[in-house]
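Trainee: Could you take me through this model, one question at a time?

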Amino acid sequence: MNPPTNPTPRWLLYGATGYTGALIAEEAVRRGHKPVLAGRSREKLTPLASRLGLDAVAVGLDDLRGLVSALEGLPLVVHAAGPFVHTSEPMVQACLAAGAHYLDITGEIPVFENTFRHDAEAKRRNVVLMSGVGFDVVPTDCLARYVADKVPGAHELELAIAAVASPSAGTAKSMLEGLPSGCFVRRGGQLQPWPMGQGVRRARFSDKERTVVPIPWGDLVTAWHSTAIPHITTYLAQPAAVAHALRFTFPVLRRLVAVEPVREQLARLVEARVQGPDETLRQRGRSQVWAEARAPDGRRAEAVLETPEAYAFTARATVRAVEEVLAGARRGAFTPAQAFGADFVLSIEGVRRMDLPT
């Protein structure tokens, strides 16, 4: 797909100096955009803005008036500063006040739920609110919609991710924030607690079968909105020994990170030590998503997606989502598949979808 033509798209990228934020900025410039880079520290913003030839503005998330001022004349924000459970709501409020569209790259269940709580106000303000425009949830959301459309009346949906395990500091800190909440599944349309390590199974990916274990991905919210399927389980591929050991190791880890000083110390350690995948891994790595929808009468559909490495995919998907929203998406709170359709993921460079025989 060709980069957009004139006028050059301008929008705000908040959290631009983080690992993923910088990748989004670079991809945006590659596709002909001129985002305004934003974050708390002008000292950190200046080198990136100078390298990419972009404007920058320093403003904190606790400064609503400053955020609204920074948005003047800009139609949209990509919010890339996590953990989003702490940072999303201030930016959503600024976007609603300024009449600007809001996109973020979260995978956090509470953030998705909060975004949808603002649906009516977003419609009144004539803006789009969309969480999860990266990996996850674009591949999983689009694949969930794809298999659901093949099985009208489906009552059960399962999704699994197999990805190279090399998180950025921001992702790792978001994971720390979510650990004390434990695991969830969706049953009868409601989120329900689930014992970590229970429900281990095998799933077919494009290259081989893998062991997968239930993990509370954001798709427990997004897939529910995109498909209305009442029973949803989300999984992560893990070595069999690790998956089966989680029922014993997770309760200890959960109690440990539930202690706030311990969690804060771990977050500082993550900030100092975790770097995210290097350029070689981003270029060569591949991620996979598996999905199956089933109906009570036995009808089912199963498919897989292959995508670029998760962070490389997030940069590409985010900018594509920006382009779609600026082109005139419906107003309100949406998942990516709701707004753009199941085939949106195929518009992203390096993605391949395959049906599996049932």
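Predicted model: local features only at pLDDT ≥ 70, side-chain atom pairs only at ≥ 80, totals over all residues.

Trainee: How many charged residues does the lining of the second largest pocket have?

Mentor: This pocket has a volume of about 260 Å³, and α1 (19-30), α12 (279-284) and α13 (310-326) each supply at least two residues of its lining. Among the lining residues are E26, E27, R30, E279, R282, R316 and E349. Besides 4 nonpolar residues and 1 polar residue, the count of charged residues in the lining is 7.

Trainee: Which strands stand at the edges of the open sheet of 7 strands?

Mentor: The order in this sheet is β3-β2-β1-β4-β5-β6-β15, with parallel pairing. An edge strand has a single partner, so one side of it is left without a neighbour in the sheet, and the two strands in that position are β3 (56-58) and β15 (332-333).

Trainee: Which helix packs on that sheet, touching β1, β4, β5 and β6?

Mentor: One of the strands touched, β6 (residues 128-130), is joined to β15 by 2 bridges, with L129 opposite A333. The helix that packs there runs in a direction that makes about 165° with that of β5, and this is α4 (residues 84-98).

Trainee: In the hairpin of β8 and β9, which residue takes a positive phi?

Mentor: Strands β8 (residues 183-187) and β9 (residues 190-194) pair in the antiparallel sense over 5 bridges, and F184 has P193 as its bridge partner. The hairpin has 2 residues between the strands, and the residue with a positive phi, near 60°, is G188.

Key. Residues numbered from 1 in each chain as written. Heavy atoms only, no water. Pairing = 2+ DSSP bridges. Helix = DSSP H or I, 4+ residues; strand = E, 2+ residues; numbered from the N terminus. Contact = heavy atoms within 4.5 Å. Axes fitted to C-alpha atoms, helices over the stretch in contact; angles between N-to-C directions. 1 Å grid on protein atoms, 1.4 Å probe; cavity = no way out; pocket = protein on both sides within 12 Å on 5 of 7 lines; lining within 4 Å. Points joined across faces, edges and corners; volume = space filled by probe spheres on them. Nonpolar A, V, L, I, M, F, W, Y, C, P; charged D, E, K, R; others polar.
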